[in-house]
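Welcome! Here is a guided walk through one protein chain, written for someone meeting it for the first time. Take a look at the sequence and the model, then read on.

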Amino acid sequence: METKRINLALQGGGAHGAFTWGVLHRLLEEEWIEIAAISGTSAGALNGAALKAGLVRGGAKHGRRAAQEDLEWLWSQVSEVVDMRVERWVSALFPEPQILNRWIEMFSPATLMDQWARMISPYDLGPLYRNPLEHVVARFEFEHVCSKKGPEFFVSATNVRSGKIRVFSDGEISTEVLLASACLPNLFQAVEIFDKQTGRVEAFWDGGFTGNPALFPLYETRFPRDIVIVNINPLERDGVPRTPGEIEDRINEISFNSSLLRELRAISFVHRLLEANRVPEGEMKDVLIHMVADDAVMLDLGAATKVAPGIGMLKRLKAAGEAAADRFLTAHADDLGQRSSVDLAALFN
């Protein structure tokens with residue numbers, strides 16, 4: 001098949017980002033796919049950093065395999081961030097995700113962490129505070145993550161002072177930037193970074209509040225038209241949430257999908273303008289939107305599992321991501337470069 005260039009937009013969602021690991025692993029097997037740019041938030045930013053570092057380090061000949069290895073390394077490290085002995089024990093006894101999710105909600109350290117976070121600020125820990133992801137993120141090969149070679153890379157974080165999105169690119173990306181993009185404020189202290197755009201030290205929180213992920217950096221004319229979104233937060237959930245866990249899950253899903261839906265609505269509006277010949281040719285880019293997701297898998301998992309990175313759950317999510325990417329390629333490989341595979345008009349009806 002002829003080479004097709006795409007942009008990747010990688011959502012955040014804690015440990016559920018292992019689904020994206022699987023999607024990327026599968027896409028890297030297709031040599032006809034060339035990744036031109038990556039926009040990532042939170043776990044999506046970590047996936048993006050591992051992806052780019054491997055592609056650059058391995059070069060044209062070995063980049064795809066190196067990227068797969070870097071992604072596997074990343075998630076093996078994430079699985080060790082929290083020692084989830086209870087989650088692993090329950091996983092062996094109850095492989096069904098619904099049962100596992102209820103046990104995690106009731107008994108796991110993730111639930112204890114959530115209850116603790118409602119009463120105690122991360123700032124209350126004083127000198128005892130450590131960001132548990134720091135020892136993982138600091139080991140990225142930033143000479144490759146920030147390289148001008150390979151796909152361009154964008155990372156989103158939220159400026160605490162202004163409430164605005166801040167998109168960092170290539171040479172700006174550091175350990176602090178990646179930690180900022182994944183900084184949930186009820187769990188982690190804000191990450192402070194000197195921001196050359198404002199000329200002052202700014203505090204940053206998780207980018208998911210303002211761009212999950214940000215699509216607008218991918219609108220530049222130097223990038224291809226196709227944006228493949230790897231979505232790990234379900235857009236729709238039937239029924240009314242009733243338990244505290246279900247209510248919290250849906251609040252999180254709505255909050256962290258809101259910025260993405262706003263951007264998709266804007267793209268849909270531009271499509272209508274272009275179809276009606278209401279803008280001069282070439283003035284607006286005709287972006288093609290694709291989505292790789294498995295809402296059925298994600299609906300079986302609750303928000304508690306986002307901070308429960310047991311290796312068993314991560315591998316199940318990886319397998320689900322590989323399967324979802326395989327279905328996408330089978331159904332929509334021919335759409336790339338030609339048309340959107342997401343019906344935006346139907347999405348907003």
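Predicted model: local features only at pLDDT ≥ 70, side-chain atom pairs only at ≥ 80, totals over all residues.

## An enclosed helix

The buried residues of helix H1 are Ala18, Phe19, Thr20, Trp21, Gly22, Val23, Leu24, His25, Arg26 and Leu27. Here, buried means under 20% relative accessible area, exposed means over 50%, and partly exposed is in between (1.4 Å probe, protein chains only). Helices (H or I, at least four residues) and strands (E, at least two) are DSSP runs, numbered from the N terminus.

Leaving out residues up to four places away in sequence, Phe19 touches residues including Val230, Ile232, Val292, Asp294, Met298, Leu317 and Ala324. A contact means heavy atoms within 4.5 Å.

Residues are numbered from 1 along each chain as its sequence is written, and side-chain values use heavy atoms, with hydrogens and water left out.

The pLDDT is the predictor's confidence in each residue, from 0 to 100. The chain averages 88, and 88% of the residues score at least 70. Over residues 83-95, however, the pLDDT is below 50, and this stretch has 26 contacts in the model beyond near neighbours in sequence. Residues 106-110 also stay under 50, with 12 contacts beyond four places in sequence.

Which residues of the largest nonpolar core touch the most other members? They are Leu8, Phe19, Leu51, Phe140, Ile173 and Leu178, out of 67 residues in that core. Helix H2 gives the most to this core, with 12 residues. A second, separate core has 17 residues, among them Ala37, Phe154, Ile227 and Ile267.

A nonpolar core is a set of buried Ala, Val, Leu, Ile, Met, Phe, Trp, Tyr and Cys residues joined through side-chain atoms within 4.5 Å. In soluble globular proteins, nonpolar side chains tend to be buried together.

## Salt bridges

How many salt bridges does a search of the whole structure find? The search gives 20, each being a side-chain nitrogen of Lys or Arg within 4 Å of a carboxyl oxygen of Asp or Glu. One of them joins Arg57 and Glu141, at 3.2 Å from N to O. Arg57 lies in helix H2 (residues 43-78) and Glu141 in the loop between helix H6 (134-137) and helix H7 (142-145), so this pair ties together parts that are 84 residues apart in sequence. Arg57 is partly exposed at 34%, and Glu141 is partly exposed at 28%.

Asp294, which Phe19 touches, forms a salt bridge with Arg327, the closest N and O atoms being 3.2 Å apart. Asp294 sits in the loop between strand E8 (288-292) and helix H10 (295-299), and Arg327 in helix H11 (residues 311-332), 33 residues apart. Asp294 is buried at 15%, whereas Arg327 is partly exposed at 46%. Elsewhere, Glu202 pairs with Arg200 at 3.8 Å; Glu202 is buried at 2%, and Arg200 is partly exposed at 41%. There is also a network of salt bridges linking Arg26, Glu29, Glu30 and Asp326.

## Aromatic pairs

Rings of Phe, Tyr and Trp (its six-membered ring) pair if their centres lie within 6.5 Å; planes under 30 degrees apart count as stacked, over 60 as edge-to-face and the rest as tilted. By this rule the count is 5 aromatic pairs. Trp73 and Phe140 have ring centres 5.9 Å apart and planes at 75°, so the pair is edge-to-face. Trp73 is in helix H2 and Phe140 in the loop between H6 and H7, 67 residues apart. Phe140 is buried at 8%, while Trp73 is partly exposed at 24%. Together with Phe142, these two residues form one aromatic cluster.

Phe256 is buried at 13%, and Phe209 is partly exposed at 36%. Phe209 and Phe256 form a tilted pair, 5.2 Å centre to centre with 40° between the planes.
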